[in-house]
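Have the sequence and the 3D view open as you read.

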Amino acid sequence: MRVTLADPLALIPGFEQAHREQSARFPRAAPRWQPVHTVYVPADRFGPETVAEWGRDALELLTRHLPGPGSLTRVFGVPEEAAARLHPRIAAKLAAEPVEDLRVDFEDGYGVRPAEEDRDVARAASAVAALHAAGTLPRRWGLRVKSFADGDPGRSLRTLDGFLTGIVERAGRLPEGFVVTFPKVLMQDYLYQFADCLEALERGLGLDGGSLRFEIQVEAAQTLRFLGPDLVASLGGRLSAAHFGVFDYTASCALPPHEQRLDHPACDHARHVMQTAFAGTGVELSDGSLAASPSSGGTRDVHALWSRHAELVGHSLRHGFYQGWDMHPSHLVSRYAAVYDFHLRHHAEFTRRVRAFQERRAAGGGVMDEPATVQAMDTALRRAELALGSP
């Protein structure tokens, strides 16, 4: 083959440096396990039995109000054939691992209690150590501290310090899966200040450097302005996730109270900004919550709550947010029903189409899959495997 350029690489001397920077900023990695939810429990209501109690309450609701597979079809629209497989899977999940990710909340769910917070920090640390000793600490866990935006970073850091110190003293080490949630980040400088404090805590507690990671909450329109891959790089790997806060965010946009909902277009915009800001960086994304519980113990009210919650979970999943907040034991039922249905509904189709592409044959039905679509389907199959175990 004849060419015109004798040495094309000589024309791009900065390529190797740019490619190294690309690899560092946007590492190519297969999907890894991510919890399907984060359960937030106010610190004053948290104890060593909390996780088990949530599981028992959710399982009781399932047994009482979804007595068989047909109920899944009526309440959640799960196809009948799939419902027969999903119902026992949900029951088994609630019995074995009802909570995948736990946050002990010292912020909005707890409030300002200067005379009580130290005591509740010690109690929470003791409860976490007990869960760890019993082998029932969720795979991911941590706390939400108060925001620096409230003007009292000392209280926020004292709580974090006391929580971590208490756990390390009682458990002998920091159990795997810890993360701290940093809310209401209105100024970019707060992130660097908080990261410096985490580094100081690592030194003081004898922890490995970089072991204390944190997730930010996107709860105001101002926060969207400084999100991006440069932020991830500047925090030296400490930023693990970004969680959307629906109520503070919609309030910051001056939406009326009855429009403070996860499926509002303003929330869709914020989520898409988060996606583009952190695409390819390895920073996980999580959606927000439904601040509601069944209005009564009657089946009609429980089903109404489940239907709305599952609708919002489905909205998040369709927008590429595979995690969300759960605020009440009833949410566990609708969370797992919606998540499992989402991952299983197209599983057979995606498997068939990926295999057809790999074998260089038509997928059937006139489908002509692009490589990017095949990659997306392969990723979806991997996410399903991680979320469900073996589909």
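## Before you start

This is a predicted model, so to speak: local features need pLDDT of at least 70 and side-chain atom pairs count only at pLDDT 80 or more, while totals for chains, interfaces and linings use all residues. Residues are numbered from 1 along each chain as its sequence is written, and side-chain values use heavy atoms, with hydrogens and water left out.

## The largest pocket

Let's begin with the open spaces. A pocket here is an open set of points on a 1 Å grid over the protein atoms alone, with protein on both sides within 12 Å along at least five of seven lines; a cavity is a set of points where a 1.4 Å probe fits but cannot get out, and lining residues have an atom within 4 Å of a point. Grid points are joined across faces, edges and corners, and a volume is the space filled by probe spheres set on the points.

The largest pocket holds about 1100 Å³ of space. Its lining takes in 35 residues, and A29, P31, Y322, T379 and R383 are the ones nearest its centre. Two or more lining residues come from each of helix 10 (265–278), strand 7 (284–286), helix 12, helix 13 (347–358) and helix 14. Helices (H or I, at least four residues) and strands (E, at least two) are DSSP runs, numbered from the N terminus. Which helix gives the most to this lining? That's helix 14, with nine residues. Sorted by class, the lining has 19 nonpolar, twelve polar and four charged residues. In this scheme Ala, Val, Leu, Ile, Met, Phe, Trp, Tyr, Cys and Pro count as nonpolar, Asp, Glu, Lys and Arg as charged, and the others, Gly among them, as polar.

## The second largest pocket

About 460 Å³ of space lies in the second largest pocket. It has 26 lining residues, with Y40, P42, D105, G109 and M327 nearest the centre. Strand 1 (37–42), helix 2 (50–65), helix 9 (246–252) and helix 12 each put in at least two residues, and the largest share, four residues, is from helix 2.

The largest cavity has about 110 Å³ of space, and its lining is made up of R32, W33, Q34, P35, V36, Y322, V339, H343, R383, L386 and A387. Helix 12 (329–345) and helix 14 (371–388) are the elements that give two or more residues to this lining; helix 14 has the largest share, at three residues. Seven of the lining residues are nonpolar, two polar and two charged. Y322 and R383 turn up in this lining and also among the residues nearest the centre of the largest pocket.

The second largest cavity has about 60 Å³ of space. It is lined by 13 residues, and L262, G288, V313, S316 and R335 are the closest to its centre. Helix 11 (299–318) and strand 8 (324–326) each supply at least two lining residues, with helix 11 giving the largest share, four residues. This lining divides into five nonpolar, six polar and two charged residues.

## Two helix pairs

Two packed helices are described by the angle between their axes and the distance between the axes. Axes are lines fitted to C-alpha atoms, for helices over the stretch in contact, and angles run from 0 to 180 degrees between N-to-C directions. For helix 12 and helix 14, the angle is about 145 degrees and the axes are 9 Å apart. Y340, H343 and L344 of helix 12 meet R383, A384, A387 and L388 of helix 14, where contact means heavy atoms within 4.5 Å. That contact has five nonpolar, one polar and one charged residues.

Helix 2 and helix 11 pack at about 115 degrees, with axes 11 Å apart. L61, L62 and H65 of helix 2 make the contact with T299, V302, H303 and W306 of helix 11. By class, it has four nonpolar, three polar and no charged residues.

## A residue on helix 5

A134 lies in helix 5 (residues 117–134). Is A134 buried or exposed? A134 counts as exposed because its relative accessibility is 55%, and the cut-offs are under 20% relative accessible area for buried, over 50% for exposed and in between for partly exposed (1.4 Å probe, protein chains only).
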